[in-house]
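Subject: The structure I mentioned

Hi,

Here is the structure I said I would pass on. Open it in your viewer and keep it beside this email while you read.

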Amino acid sequence: MSAVSITSVSVSLRARPVLKDLSLSFESGVCTGIVGPNGSGKSTLMKVISGLLQPSGGAVQILDRALSSWPRAELARVVSYLPQGGDIHWPMKVSSVVALGRLPHASDKALSARDADAIRQALQKCDVTALADRPMTELSGGEKARVLLARALAAEAQIILADEPLAQLDPHHQIHAMEVLQAEAARGAAVIVVLHDLAIAARHCERICVISKGSLAADGSPVEALSSDHLRQVFGIDAYIGEHQGAPVILPVRRRAAILSV
Amino acid sequence: MSATSETVSKASVDLRLLLILGGLVLVASILSLFVGYAQLPFAAALHGLTSGEGTEGIIMRDIRVPRMLLGVIAGGALGMSGAALQGLLRNPLAEPGVMGIASFASLGAVIAIYFGLSLQFEMILPACAMIGAFIAAILLNMIAGQGNSIYTLVLAGVALANLAAALMALALNLAPNPYAVSEIVFWLLGSLKDRSFQDVLLALPFVAIGFFVLHGTRRSLDALALGDDVARSMGIDVTSLSRRVTLGVALTVGASVAVTGAIAFVGLIVPHLCRPFVGHEPSRLLWPSALGGALLVSLADLAVRLVPTGPELMLGVFTSLIGVPFFLWLIFRLRADSI
């Protein structure tokens, strides 16, 4: 059984096709990286899976059940979505922001011990326990991003969608965030993460899906998906592809004249 | 630090805040019973209040008690609706008065008076005021709901308030008799003067239902702080949330404006002052803002009675005189923050 399965999904935004007849499935326990050039449809794919965007064609299944047949509240307990460049509108305290992640589980009453536990763990996992009492407005961009990741993890969802969670982070916390997401996969979650950094994607994801112009250009292990041919065709770059301690190292080195179409 | 103990401490912080504000509202209400134009010695006032006999009884029971109750009801309505509207629009400048919602409610009331509808059936007046508030809240949502630009919202509010003012000016222009003009002016300025128990009974049920509706939105307002998409991904029906807040604001503001006229800036000042005490959480802001609004309006109404102007200063004028500088200061601060 796949955690997420999409079949021939098409999406058009303002009459422009963004996803074209895309079929993909994601398994529980795997951390999958989604890479692709700007505007290739990565974020749209995440919105389709999270149920925020209705595809114009095709089918989406979450845990073998059609997405449209999930009640919204129930879906929220299963799928956790972290958007790109998120922020919070009020200077709320860090612990309160992370506690919002429990909303899908909590009734209107106060948080249960179970909720409190999940919040504490999420704070710990993202290394923001020390910031728990600080208002969000006092944090740096990177700290904020980690708090918002903790919010997404607090839901303890079976499917985690993270859209560019590393954009604001320094190298140390980039690796840390990826380790956190890998740990989520290790506990059995299906983790789907949009990444721009090919090196990070190659080192921390078991599987890479390369999206180009709304279609799947490559899908497989990092070495297969991020081969020099694919990188040249999809990103229009040459890259150094090597190995360090058994894990692939990919370093983009040169831009080619133009991106060839797939 | 455990998150459970934090939840408990949050609840106790909130309870303490509500008790303090409630106590202050009580004190202000009692004070307001013993302040007025009729020079009543304290003992006579107390006797009038308890026995209801004689002139003192009439002054206390038919004039001062309704005035005091209306201050609490209208202030509570404006405070909570300001807090809810700010949570929905994620904008600290949203306010029923400034954003034209109260003006539209006034317009509804003026229309009811102008066409003599209110003479036929009493409930027509608050109904028209609530419909006016509802229309304005929907328009505001349509114009400013999408983006988060503070200035779009302010401009939308200015446009709505001006539209309502123009339509009311039209009504003034065409008013068949001078009494209609003075009635309409009353709705423009807002006052608790010369209200009766009838007015209290007219406003209270709708304000109470509005409170109930707004109370039900509090957790969703928290989720909305993370943006529309995240809120929706957490199972919040954002469309329904926005409808419920609009309904709640229309009920509370419409019903209170129907009996007091437009009292501006209460919904702006009060949530802003309460926010630091509730950790800036929209859900925890609602009830303290209601009590804070009740306190502010009660105090303002005391002030207009104590300030020795010739004819009594209208309450709405007084709150605007305090509110405008506050509003400008808030805009400057927000602009400084966004740079």
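Predicted model: local features only at pLDDT ≥ 70, side-chain atom pairs only at ≥ 80, totals over all residues.

**Chain B: helices**

Chain B has 15 helices and 0 strands. Its C-alpha trace spans about 60 × 50 × 35 Å along the principal axes. A compact globule of 339 residues would have a radius of gyration near 20 Å, and chain B agrees, because its own value is 20 Å.

To read the helix pairs below, keep one idea in mind. Two packed helices are described by the angle between their axes and the distance between the axes.

Start with α2 (residues 42–51) and α3 (residues 54–89) of chain B. Their axes come within 7 Å and cross at roughly 75 degrees. That angle falls in the range 65 to 115 degrees, so α2(B) and α3(B) are roughly perpendicular to each other. On the α2(B) side, the contact uses B:Ala44, B:Ala45, B:His47, B:Gly48, B:Leu49 and B:Ser51. They meet B:Gly54, B:Glu56, B:Gly57, B:Ile59, B:Met60 and B:Arg61 in α3(B). Sorted by class, this contact has 5 nonpolar, 5 polar and 2 charged residues.

Now follow α3(B) to α14 (residues 282–306) of chain B. Here the axes come within 6 Å and cross at roughly 145 degrees. The crossing of α3(B) with α14(B) is right-handed. Its residues divide into 15 nonpolar, 10 polar and 1 charged.

α14(B) also meets α13 (residues 266–274) of chain B, with axes that come within 9 Å and cross at roughly 125 degrees. The two helices are therefore oblique to each other. α13(B) passes α14(B) in a right-handed crossing. If you want to pick out the contact on screen, the residues of α13(B) include B:Val266, B:Ile269 and B:Leu273, while those of α14(B) include B:Leu285, B:Gly292 and B:Leu296. The contact of α13(B) with α14(B) has 10 nonpolar, 4 polar and no charged residues.

**Where the chains touch**

Colour the two chains separately for this part. In all, 25 residues of chain B are in contact with 29 residues of chain A. On the chain B side, α1 (3–33), α10 (218–224) and α11 (228–233) each supply at least two residues. Which of the helices gives the most to that side? That would be α1(B), with 5 residues. By class, the side of chain B that touches chain A has 9 nonpolar, 8 polar and 8 charged residues.

A quick reminder first: strands of a sheet pair through backbone hydrogen bonds, either parallel or antiparallel.

One sheet of chain A has 6 strands in the order β6-β7-β8-β3-β9-β10; it is open, and the pairing is mixed. β6 (79–82) and β10 (215–220) of chain A stand at the edges with a single partner strand each, so one side of each is left without a neighbour in the sheet. From one strand to the next, the twist averages 15 degrees.

You can see both kinds of pairing here. β6(A) pairs with β7 (residues 159–163) of chain A in the parallel sense over 4 bridges, and A:Tyr81 stands opposite A:Leu161 in β7(A). Helix α5 (residues 141–154) of chain A packs on this sheet and touches β6 and β7 of chain A. The direction of α5(A) makes about 170 degrees with that of β6(A).

A:Ile211 has A:Leu216 as its bridge partner in β10(A). The hairpin of β9(A) and β10(A) has 2 residues between the strands, and A:Lys213 takes a positive phi near 50 degrees there.

Another open sheet of chain A has 4 strands in the order β2-β1-β4-β5, with antiparallel pairing. Its edges are β2 (16–26) and β5 (65–66) of chain A; each has a single partner strand, so one side of each has no neighbour in the sheet. β4 (residues 57–62) of chain A pairs with β5(A) over 2 bridges, and the partner of A:Gln61 in β5(A) is A:Ala66. Helix α1 (residues 42–49) of chain A packs on this sheet, touching β1 (4–13), β2 and β4 of chain A. The direction of α1(A) makes about 120 degrees with that of β1(A).

Definitions and conventions
Residues numbered from 1 in each chain as written. Chains lettered and ligands numbered in written order. Pairing = 2+ DSSP bridges. Axes fitted to C-alpha atoms, helices over the stretch in contact; angles between N-to-C directions. Contact = placed C-beta atoms within 7 Å. Parallel < 35°, antiparallel > 145°, perpendicular 65-115°, else oblique. Left-handed = near helix turned anticlockwise from the far one by under 90°. Nonpolar A, V, L, I, M, F, W, Y, C, P; charged D, E, K, R; others polar. Rg over C-alpha atoms; globule rule 2.2 N^0.38 Å.
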